[in-house]
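Here is a walk through one protein structure, taken piece by piece. Keep the sequence and the 3D view side by side as you read.

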Amino acid sequence: MQTTFTIATRGQGLYEFTHDVSEWVTGTGLLTLFVRHTSASLLIQENADPEVKTDLKAFFARLVPPTTDPSMSYLTHTYEGPDDMPGHIKAAMMPVSLSIPVSNGKLALGTWQGIYLFEHRDAPHHRSVVAHLLRD
């Protein structure tokens, strides 16, 4: 089974789409998710306290600032905007695919775990995540 989820973003941040994936999976098997973009990532992260999303976004913004920051003056790929190359760097540091077991039609996630697209660009985008469920 295969489908594509489209996640609308409103700029940098984490966008949970666990519910959409949960509604789609059936049976027992292994789910693979893959984001089809070079400036976005996928994460399994806590979904109970929204401060986790805020802190992750702040951490990566501090770790990889925009190209307008003097510390990033060594970068040469700057013509697509000050957030583009930092977005590529962040995507290189984080996963672009996830594997999640599915048991009896349910994602085998922990109690506080959710599936997130991590948008690394400032502008709104529509991001595509391909889902492939290999059932037993």
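In this predicted model, the side chains of Arg121 and Asp83 meet in a salt bridge, with 2.9 Å from N to O. Arg121 lies in the loop between β7 (113-119) and β8 (126-135), while Asp83 lies in the loop between α2 (51-63) and α3, so the pair ties together parts that are 38 residues apart in sequence. Side chains of opposite charge can pair when their charged atoms come close. Are the two partners buried or exposed? Arg121 is buried, at 13% relative accessible area. Asp83 is buried too, at 9%. The cut-off for buried is under 20%.

Arg121 has another partner. Its side chain also meets that of Asp84 in a salt bridge, at 2.8 Å from N to O. Asp84 sits in helix α3 and Arg121 in the loop between β7 and β8, so this pair ties together parts that are 37 residues apart in sequence. Asp84 counts as buried because its relative accessibility is 2%.

Now look for another pair, Glu119 and Arg127. Their side chains meet in a salt bridge of 2.7 Å, N to O. Glu119 is buried, with a relative accessible area of 0%. Arg127 is buried as well, at 4%. Salt bridges that share partners join Asp83, Asp84 and Arg121 into one network. How many salt bridges does the count come to? The count is three.

Stay with helix α3 for a moment. It covers residues 84-93, and Met93 is in it. Met93 is partly exposed, because its relative accessibility is 45% and that class runs between 20% and 50%.

Next come the strands. Which strands make up the open sheet? The sheet has three strands, in the order β2-β7-β4, and the pairing is antiparallel. β2 (13-16) and β4 (40-46) are the edge strands, and each pairs on one side only. From one strand to the next, the twist averages 35°. Look at the contact between β2 and β7. These strands pair in the antiparallel sense over four bridges. Within β7, Leu117 stands opposite Tyr15.

Turn now to strand β5, residues 97-103. This strand has two faces. Leu98, Ile100 and Val102 form the covered face. Ser97, Ser99, Pro101 and Ser103 form the uncovered one.

What does β5 pair with? One partner is strand β3 (residues 29-35), in the antiparallel sense, over six bridges. Here Pro101 of β5 is the bridge partner of Leu30. Strand β6 (residues 106-107) also runs antiparallel to β5, and two bridges join them. Val102 has Leu107 in β6 as its bridge partner. So where does the chain turn? β5 and β6 form a hairpin with two residues between them. In the turn, Asn104 has a positive phi of about 50°.

How values were computed. Residues are numbered from 1 along each chain as its sequence is written. This is a predicted model: local features need pLDDT of at least 70, side-chain atom pairs count only at pLDDT 80 or more; totals for chains, interfaces and linings use all residues. Side-chain values use heavy atoms; hydrogens and water are left out. Buried means under 20% relative accessible area, exposed over 50%, partly exposed in between (1.4 Å probe, protein chains only). Two strands pair if DSSP finds at least two bridges between them. A salt bridge is a side-chain nitrogen of Lys or Arg within 4 Å of a carboxyl oxygen of Asp or Glu. Axes are lines fitted to C-alpha atoms, for helices over the stretch in contact, and angles run from 0 to 180 degrees between N-to-C directions.
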